[in-house]
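The tour below goes from one selection to the next and says what is to be found at each stop.

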Amino acid sequence: MKLAIAAFVALLSASAAAPAFAQESPVSVSIVSGSEASQPCVSAKTCYDPDTITISPRTEVFWTNNDTTAHTVTSGDPSGNDVGSVFDSGQIGPQGTYSFIFMSQGTFDYFCTIHPWMTGQVIVGAPSVPGSTTPEFGPAAALVFVASVFFTVFLARGRF
Ligand SMILES: [Cu+2]
């Protein structure tokens, strides 16, 4: 019984903390079929479609590989500046997906390390709700979390 209560309290604290991560609606980007060197998407710069997206902080972006070969979503640019320092999907196989939650404002260039002519850009603009850029939990959520851990430990030890 005490274990059940402890588990319930732990679940409660997890659900109180969870919404602080991705708060905006997710955005999808397609890695288009046949993103090879000779494909029209290279000259049109739409191998990642859309190749440029503008989002608010705390938005989760999903890339789906709709091609028949593996691709990557790697931050930086093909000339070698800061490659993978912000995010790096590694190889995404056909029909595979990769997601990243953008917390802070800024312009993030990315490309495919296998086919470096494939480039894209994520622009993280102003937050949709003023003051919501803080990436960590709010003070109330932190208090709830600490209290939950405290009670969970004591309940599990049978002190109450
Ligand atoms: Cu590729």
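Begin by selecting Gln95, which sits in the loop that runs between strand S5 (74–75) and strand S6 (97–102). What you have on screen is a predicted model, and in it Gln95 has a positive phi of about 70 degrees although it is not a glycine. Most residues other than glycine have a negative phi. Is Gln95 buried or exposed? Gln95 counts as exposed because it has 10 C-beta neighbours inside 10 Å, and the limit for that class is 12 or fewer.

Select Lys45 next, in the loop between helix H2 (40–44) and S2. Here too phi is positive in a residue other than glycine, with a value near 55 degrees. Lys45 has 16 C-beta neighbours inside 10 Å, and therefore counts as partly exposed.

From there, move to Pro50, which belongs to the loop between strand S2 (48–49) and strand S3 (52–55). The peptide bond that joins Asp49 to Pro50 is cis, with omega at about 0 degrees, whereas most peptide bonds are trans.

Now display strand S4 (residues 59–65) with its side chains.

The pairing of S4 with S6 is antiparallel and extends over 6 bridges; to see one position of it, select Thr64 together with Thr97 of S6, which stands opposite.

For the last stop, turn to the largest nonpolar core, which has 17 residues, and select Tyr48, Val61, Trp63, Val73, Met118 and Val122, the members that touch the most others. At least two residues of this core come from each of S1, S4, S6, strand S7 (106–111) and strand S8 (119–124). In soluble globular proteins, nonpolar side chains tend to be buried together. Finally, centre the view on Val61: leaving aside neighbours within four places in sequence, Val61 is in contact with Val27, Val29, Ile53, Ile55, Ser99, Phe100, Phe102 and Val122.

Definitions and conventions. Residues are numbered from 1 along each chain as its sequence is written. This is a predicted model: local features need pLDDT of at least 70, side-chain atom pairs count only at pLDDT 80 or more; totals for chains, interfaces and linings use all residues. Helices (H or I, at least four residues) and strands (E, at least two) are DSSP runs, numbered from the N terminus. A residue is buried if 20 or more other C-beta atoms lie within 10 Å of its own, exposed if 12 or fewer, and partly exposed in between; C-beta atoms are placed from the backbone. Two strands pair if DSSP finds at least two bridges between them. A nonpolar core is a set of buried Ala, Val, Leu, Ile, Met, Phe, Trp, Tyr and Cys residues joined through C-beta atoms within 7 Å. Two residues are in contact if their C-beta atoms, placed from the backbone, lie within 7 Å.
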